[in-house]
Amino acid sequence: MSISVLLADDQPLLRRGFRMILEAEGDIAVAAEAGNGEEAVDLARRHAPDVVLMDIRMPGTDGIEATRRIAAADARVRVLILTTFDLDEYAFGALRAGASGFLLKDVRPGELVTAIRTVAAGDAVIAPRVTRRLLDEYAQVLPLSGLSQRYPQLSALTEREREVLVAVARGLSNTEIAASLFVSEATVKSHVGRILAKLGLRDRVQVMVLAYEAGLVQPGAR
């Protein structure tokens, strides 16, 4: 089935470039283009795309607020954020608003296509090097506090599930987690599924946000 994508960026040339890349793929179709966040929210409501490729800095309603409104209106619409290193402070806010991941604007065409397919399939895209830079530099915005007070649902996790949660929060793939814990990838995938169910989370991005807010992983930790 075709994956429908909404492009949200205030630069027409960038939107045109993304459209050319995506429409060269047989399984991806661009449903609409938005030049600002308000248009993105409206078009997402009208077209219900599988994925919104969302810029952060746009005139009027920015990408973070647009993401929050889109995610609240329809959980089936996934948002993939576009950012640059000098805008990392906004990326974490977008993830907390409900985005399913973020990419750098200089992403290679093949990586962009793969990321869109991944997000459309219900998974998340977390770039480890960007995540580390983001969390190291903007650690002060993370409200770390006691686990029992803010996240009592964490007590439902087994010791192994907590190990997997921390590994996911550090940006490790299922393959890397399997290797570090000496288990199969299928086992890791099963653990991740149970973690999402027990904590009421949608994807790996929300796992990462919760783990850092709860203090299970500290900014700068390797």
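# A walk through the predicted model

Start by selecting helix H2 (residues 37-47) and helix H3 (residues 63-73), which pack at an angle of about 15° with their axes 9 Å apart. Because of that angle, H2 runs roughly parallel to H3 (angles under 35 degrees count as roughly parallel). The axes here are lines fitted to C-alpha atoms, for helices over the stretch in contact, and angles run from 0 to 180 degrees between N-to-C directions. Helices (H or I, at least four residues) and strands (E, at least two) are DSSP runs, numbered from the N terminus.

Now show the side chains where the two meet. On H2, pick Gly37, Glu38, Ala40, Val41 and Ala44; on H3, pick Ala66, Arg69 and Ile70. Contact means heavy atoms within 4.5 Å. By class, you'll find 5 nonpolar, 1 polar and 2 charged residues here. Ala, Val, Leu, Ile, Met, Phe, Trp, Tyr, Cys and Pro count as nonpolar, Asp, Glu, Lys and Arg as charged, and the others, Gly among them, as polar.

A word on what you're looking at: this is a predicted model, in which local features need pLDDT of at least 70 and side-chain atom pairs count only at pLDDT 80 or more, while totals for chains, interfaces and linings use all residues. Residues are numbered from 1 along each chain as its sequence is written, and side-chain values use heavy atoms, with hydrogens and water left out.

Zoom out for a moment. The protein's secondary structure comes to 11 helices and 5 strands. Of its 222 residues, 48% count as buried (buried means under 20% relative accessible area, exposed over 50%, partly exposed in between, with a 1.4 Å probe and protein chains only). Among contacts between residues at least 6 apart in sequence, 69% join residues at least 24 apart.

Next, head inside. Select Val52, Met54, Ile70, Ile81, Leu154, Leu165 and Leu199: of the 51 residues in the largest nonpolar core, these touch the most other members. Such a core is a set of buried Ala, Val, Leu, Ile, Met, Phe, Trp, Tyr and Cys residues joined through side-chain atoms within 4.5 Å. Helix H11 (residues 204-214) gives this core its largest share, 8 residues. A second, separate core has 19 residues, including Phe18, Leu22, Val30 and Leu80.

What does Leu199 touch, not counting residues up to four places away in sequence? Look for Gln153, Leu154, Leu157, Leu165 and Leu210.

Then colour H11. Here 10 of the 11 residues are buried, so H11 is largely enclosed by the rest of the structure. Val205, Met208 and Tyr212 are among the buried ones.

Ala48, in the loop between H2 and strand E3 (51-55), has a positive phi of about 45° although it is not a glycine. Ala48 counts as partly exposed, at 40% relative accessibility. Phe182, in the loop between helix H9 (174-181) and helix H10 (185-199), is not a glycine either, yet has a positive phi of about 60°. Is Phe182 buried or exposed? At 77% relative accessibility, Phe182 counts as exposed.

Last stop: Thr118, in helix H5 (residues 109-120). Leaving aside neighbours within four places in sequence, Thr118 is in contact with Asp123, Ala124 and Val125.

Notes
Angles under 35 degrees count as roughly parallel, over 145 as roughly antiparallel, 65 to 115 as roughly perpendicular and the rest as oblique.
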